[in-house]
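I opened this notebook to record what I looked up in the structure. The entries proceed from pairing details to the chain as a whole.

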Amino acid sequence: ASTRAPREDAVACQAPLLRHTHAAARSRRGSASRNMMLQRILVGVASALVSLRYGVGIYAWRLSEGLEKPKYETVERLPGGIEIRSYPSYVVAEATMRGKTMSKATGNGFRACAGYIFGGKNRVRGVFAKGSLSTLPTPTDAIVNLRQIKAHTAAFVTFSGKPPSEARVAKERLRIEKALVDAGYAPASSETLTYGYHDPFATPNLLRRNEVGVYVTKA
């Protein structure tokens with residue numbers, strides 16, 4: 001009789017322990033299931049936001065690609081992706097931003113010109129006009145002006161990415177000037193041309209087309 005009592009006590013003590021172990025296991029499984037569900041929701045939301053971002057970006061890119069651009073003829077291609085172009089005369093709508101960094105000027109200037117290009121109060125659909133200054137409506141925004149660009153020759157380098165900083169523009173101009181010397185050209189002006197063919201907000205950096213250029217003449 002003395003040998004049976006410990007075994008009965010052991011069995012009696014094990015029952016609560018087993019119940020506690022089973023409850024803890026169910027709790028861990030429930031917690032893991034909730035974590036997996038939360039992860040799936042977060043991944044789904046992130047995927048939806050990325051899809052929306054690039055959907056809007058591609059739409060903005062297509063819209064910009066449909067805008068009228070100045071026509072030109074390629075005169076010569078230099079090493080390093082530099083292109084000598086000959087442009088006929090054309091008209092642009094431009095906004096001058098004073099006392100601002102390149103990035104702020106790009107954003108503010110784009111908004112001002114977009115109001116003219118895409119309608120705004122003037123219902124105009126193109127920035128580079130096929131006609132003359134006399135055939136275009138006068139901009140209602142005081143900072144937007146129409147200007148006739150004379151026929152000219154310029155050297156350009158093209159690259160993708162976000163709108164270039166002042167440092168990037170200076171670097172590209174220096175690279176162009178070095179290439180011009182070897183090709184028998186010379187800068188015709190101290191003005192640096194910085195062209196952005198897409199909006200600085202929605203279009204993905206990979207799809208943006210930027211250009212830095214210099215007016216040139218034969219040396």
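Entry 1, strand pairing. I began at S160, and I found this residue opposite R209 in strand 7. The model I am reading is predicted.

I asked which strand is joined to strand 5 by 6 bridges. I noted that strand 2, residues 82-87, pairs with strand 5, residues 152-160, in the antiparallel sense. Within this pairing I located S86, which stands opposite T153 of strand 5.

I looked up the nonpolar patch on the surface and recorded M37, I41 and V45 as its members. Together they have about 280 Å² of accessible area. I placed V45 in helix 1, which covers residues 5-65. Is V45 buried or partly exposed? I noted its relative accessibility as 44%, so V45 counts as partly exposed; the class lies between 20% and 50%.

I recorded 3 helices and 7 strands, and I read their order along the sequence as α-β-β-β-α-β-β-α-β-β. The chain has 219 residues, of which 30% count as buried. Finally, I looked up the contacts with a separation of 6 or more: 68% of them are between residues 24 or more positions apart.

Technical notes:
Residues are numbered from 1 along each chain as its sequence is written. This is a predicted model: local features need pLDDT of at least 70, side-chain atom pairs count only at pLDDT 80 or more; totals for chains, interfaces and linings use all residues. Side-chain values use heavy atoms; hydrogens and water are left out. Helices (H or I, at least four residues) and strands (E, at least two) are DSSP runs, numbered from the N terminus. Buried means under 20% relative accessible area, exposed over 50%, partly exposed in between (1.4 Å probe, protein chains only). Contact means heavy atoms within 4.5 Å. Two strands pair if DSSP finds at least two bridges between them. Patches are made of residues with over 30% relative accessible area and no salt bridge: like charges are joined within 9 Å, nonpolar side chains (Val, Leu, Ile, Met, Phe, Trp, Tyr) within 5 Å. Accessible areas come from the Shrake-Rupley method with a 1.4 Å probe; for residues, only the protein chains shown count as cover. A salt bridge is a side-chain nitrogen of Lys or Arg within 4 Å of a carboxyl oxygen of Asp or Glu.
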